[in-house]
Amino acid sequence: MKAKPKRSRVDLYATILEVIRRYPEGGRITRVSYGVGVPVDRLKTMVDALSANGLVRRMVVDEEQGGEAGAAYCYGVTPRGLEFLDTYWKMKGFLEAFGERS
Amino acid sequence: MRMSDVRVERGRTARLERVDGELWVGSNAKITAANGKAVTVSGGAHFEGSAEIACDFECESLKVDRGKLEVAGDLTVRGNADVAHTVEVEGEIRAKSIDVGGKVSSKSIFCEGSINVGGLMHVVGDLEAGPVGVGGKVDVSGGVKITDLDVGGKAEVGGGSISGRVRVGGLFASKGPLEFGEMMVYGRCALPAGCAGRKISTFGKLSVAGALSCHQIDVEGVTEVKGDCSAANVLVNGKLSVSGSMSVSGALESRGSAEVKGEVKGADLKVGGRFRAERAVLSSEADIVGELETERGMKAKLVTVGIGSRCKGPLVGERIQLGASSMTLANWGGTWAGQSIAIRAIGRMTSVEDLYAKEVVLGKNSRCGRVFAEKVEVAEGCTVEQVVYTTELRGPIRRAFFSRPPEKAASLPSFPL
């Protein structure tokens, strides 16, 4: 069986955004991790990076529910995040057209 | 918890038949049917973690907090099904709406409302639902009957109908004929013969294994149709190749490269790049800025060929104008493919083969084969093989080059096409 090619960091970012955009009212990190197929601790650093770049917005769900770690958050995609996805898929399309593995 | 509610403790196996109230199930519990067929819950069913149901299961609403829910029979949820991670159903799923964080797999799914899946969706049989959104991959071996499909990664369906919008980021493939509303594919899209839709936009590669019928076709990437293609409007910014004939009731605009093995029929043709066909018959106008190649010629009411453009094959029309400014014809706001060819055309001689028309206007430094027309106007520096006219030949004739002297005839030969 042919091994599945490893997802690049950008591919992972796109997958995260694709999963988060399914939750217009915000998706919880655990739920997003099930969709992306990445453990929560790894996902959290990537979502933080996306959030720092304005692709994902972080919303407080419950101040107390988060326990000692702090408040519980959920995540939504920003218009810039949707723009990133649009550009990402278009660029992937161009690379396909040129016969590049993308 | 009310008196009528039932709780199945963690790791236990419970034999149930009907629960009048809510059902609470701990992790790694197993539910079997006392009657050997089904378990019916009048209220909601709450699963705290992974669980197994060894029969058909029906409830008002379903909530799975974590882990995998395995159902050996059919799963019927009268309200909403909310699964955090994974649900695997050997039978069919019926629900009002479905929301799964990770993966859903089933024999078939019938959902009145929307289906929202974060990761993967695998359906062996048919899928009937409202809007379907999947973050990762969708695989439906049977037919689909859904309103919208929005997939982040890959989508493979067996055919059917998607009445609204289809948006696929990566790969979309249909094994059977598909009817669709508006399809937008960024990556690769493979369709069989006999597909029909309202609009298709491709940024990557679209291949159709037979005939395609679509109201609007926008090609930004590569599109291959291995059959006939019919549309109201076609816009090519990338590359289009059709192995059959092409029928366009409105405008066909090629700013990139378009190749049709058979005949092209339409109203308007605008070429800003490269266009090749066996022959093209147009009921209205043809604007050529770039390269046109037809084996048996092109016919339109008004044919305008921009400076530096090249046309192979005879041109037939009521009025043919050569050497019009490319600036007025080319879409400079268009994309790179059309622009680059239009820019390359500047400074080159306009070159065409035989012309058949009522009126022919040859611009400066145009080069053409034989001209058969009622009226012919030549400009300085024109190079013409032969001119046969019936009414008038005007312009600076001495400053034009004729291989044979112009000839006034009583009648013109019959036009091709």
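I began with a definition: helices are DSSP runs of H or I with at least four residues, numbered from the N terminus. With that in hand, I looked at the residue that comes after α2(A), namely A:Gly37, and noted that its phi is positive, near 80°. I record here that the model is a predicted one.

**Entry: chain A as a whole.** I counted 4 helices and 3 strands in chain A. Reading from the N terminus, I wrote down their order as α-β-α-α-β-β-α. I then looked up burial and found that buried residues form 30% of the 102 residues in chain A. Among the contacts in chain A with a separation of 6 or more, 46% join residues 24 or more positions apart.

**Entry: helix α2 of chain A.** Is this helix mostly covered or mostly open? I found helix α2, residues 29-36, to be mostly covered, with 6 of its 8 residues buried. I listed the buried ones as A:Arg31, A:Val32, A:Ser33, A:Tyr34, A:Gly35 and A:Val36. Which elements of chain A cover them? My list includes the helices α1 (9-20) and α3 (40-52), together with the strands β1 (27-28) and β3 (72-77).

**Entry: the contact between the chains.** How many residues does each chain bring to the contact? I noted 15 residues from chain A and 21 residues from chain B.

Definitions and conventions:
Residues numbered from 1 in each chain as written. Chains lettered and ligands numbered in written order. Predicted model: local features only at pLDDT ≥ 70, side-chain atom pairs only at ≥ 80, totals over all residues. Helix = DSSP H or I, 4+ residues; strand = E, 2+ residues; numbered from the N terminus. Buried ≥ 20, exposed ≤ 12 C-beta atoms within 10 Å, placed from the backbone. Contact = placed C-beta atoms within 7 Å.
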